[in-house]
Amino acid sequence: MKKKLMIGALSSVLVASGISYTAPGVSVLADGPDYKGNETIKNERLHSYEEMASMLEHLDQKSDALSLEVFGQSVKGRDLYLAKFGNNEDNPTVLYLTQQHGNETLTTEGALQFIKHLTSNSKEVNELLENVNILVVPRLNVDGAEGDVDFSLDDYVSGTHTRYNANGVDLNRDHVDRNQPETKALHENVLQEYMPDYMIDLHHQGAETTLGDTDELVSGSILYPTNEEVDPEVVEKSKQLGAVLYNTVESRGFGTLSKYIGGSAQTISRNGLAAEYGIATLLFEMRGMADHYREDYVLGQKSNGYLIKQAVISLEATAKAIADGSIEEVDTSFWDTLPESSYNRSESE
Ligand SMILES: [Zn+2]
């Protein structure tokens, strides 16, 4: 009897802490191959779509702060979720977007922990939500994240996740044409509906990106909009967003960030949203991926904990700085000396 209770309690703790567990009846993927001999890829520890959806629905039922909205459907008909906190038009609005690329998973794990934190009804959170509207779109590419696509993943390391949506399209190159249902819904039902002031777009890059000329591996890379049509004031606000995030991550000891080398095309959300809507945007690329057809991009699970933590502290710190206005005072000069990424074998945002 006692043992049974303890098992139940443990499951509750795992769920409450946002750590994924495997619910009965949910299909479990076999462990992936060894990664560099000592790490094993276990993508089943991440939230599946069903687990993510049930977590969000559960939080929505118990929390007054959270308003959960389905803002569209994927190619395969999965609901796309928007978690909304705060609805005061006098306050600034920030949007956190994750997993436009289905194989870039830990960003969503971080976003789910952040959403859970915002439903805690603590004094700190309530004060925060009095001063900022927070929107979270966790996992835009829900089909690619499930490997439920109309092309083969046989050549992938794990065969469970892909960058592309079910039609084989890179969603982060579809922010001008919006030919795909995921990007169309994001623009029409989130961006144009709520007009955020700030947006952080969370991704993962190759596992072996280094800081400048050094051999030091980075835990992430950041970049502001670089399209020439973006208003310089929007670029400066974007740099401020990056400064808050940089100061937060670098002060924790486990993070090292480089300046991402990215393109200037408006088809990329970092550029397109800044140019079209005047949103201050930041790209945040974290280290490694859950799955890829290139082995050197795939990250073993030993790093999952600190990378999820890196995402959570970044979301919390930027929301707080926007809420209390300190983001407008932050020094952006670090960008001038921030070493650029060295890309041995990295993939673009
Ligand atoms: Zn990406």
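Where in the chain does Asn121 lie? Asn121 sits in the loop between α3 (106-118) and α4 (123-129). Helices here are DSSP runs of H or I with at least four residues, strands are runs of E with at least two, and both are numbered from the N terminus.

Before going on, the ground rules. This is a predicted model, in which local features need pLDDT of at least 70 and side-chain atom pairs count only at pLDDT 80 or more, while totals for chains, interfaces and linings use all residues. Residues are numbered from 1 along each chain as its sequence is written.

On confidence, pLDDT is the predictor's own confidence in each residue, from 0 to 100. The mean over the chain is 86, and 84% of the residues reach 70 or more. Residues 1-39 are another matter, with pLDDT under 50 throughout. For that stretch the model has 39 contacts beyond four places in sequence, a contact being two residues whose C-beta atoms, placed from the backbone, lie within 7 Å. Where pLDDT is low, the predicted coordinates should not be read in detail.

Now the chain as a whole. It has 10 helices and 12 strands. Of its 349 residues, 48% count as buried. Buried means 20 or more other C-beta atoms within 10 Å of the residue's own, exposed means 12 or fewer, and partly exposed is in between, with C-beta atoms placed from the backbone. Taking contacts between residues at least 6 apart in sequence, 76% join residues at least 24 apart.

Back to Asn121. Its phi is near 60°, which is positive, and the residue is not a glycine. Most residues other than glycine have a negative phi.

Arg139 is in the loop between β6 (133-137) and α5. Arg139 counts as buried, because it has 29 C-beta neighbours inside 10 Å.

One more loop residue is Asp170, between α5 (142-146) and α6 (181-194). With 18 other C-beta atoms within 10 Å, Asp170 is partly exposed. Leaving aside residues up to four places away in sequence, Asp170 touches Arg163 and Tyr164. Its C-alpha atom is 9.4 Å from that of Asn141, which is 29 residues away along the chain.

Next, the helices. The expected span is 1.5 Å times one less than the number of residues. α3 is mostly covered, with 11 of its 13 residues buried, among them Leu106, Phe114 and Leu118.

α9 (residues 304-324) has 21 residues and reaches 30 Å from first C-alpha to last, close to the 30 Å expected. Its buried residues include Leu307, Ala311, Leu315 and Ile322. Just after α9, Gly325 has a positive phi of about 80°.

What does α9 pack against? One partner is α3: the two axes come within 8 Å and cross at roughly 50°. Axes are lines fitted to C-alpha atoms over the stretch in contact, and angles run from 0 to 180 degrees between N-to-C directions. α3 and α9 are therefore oblique to each other; under 35 degrees would be roughly parallel, over 145 roughly antiparallel, 65 to 115 roughly perpendicular, and the rest is oblique. Residues making the contact include Leu106, Gly110 and Phe114 of α3 and Leu307, Ala311 and Leu315 of α9.

α7 also packs on α9, at about 130°, with the axes 9 Å apart. That makes α7 oblique to α9. Among the residues in contact are Leu241, Val244 and Leu245 of α7, and Gln310, Ser314 and Ala321 of α9.

Last, α8 (residues 269-277), where 7 of the 9 residues are buried. Those are Ser269, Arg270, Asn271, Gly272, Leu273, Ala274 and Ala275. What covers them includes α6, β7 (198-205), β9 (220-223), α7 (232-250) and β11 (280-287). Just after α8, Gly278 takes a positive phi of about 75°.

That is the end of the tour.
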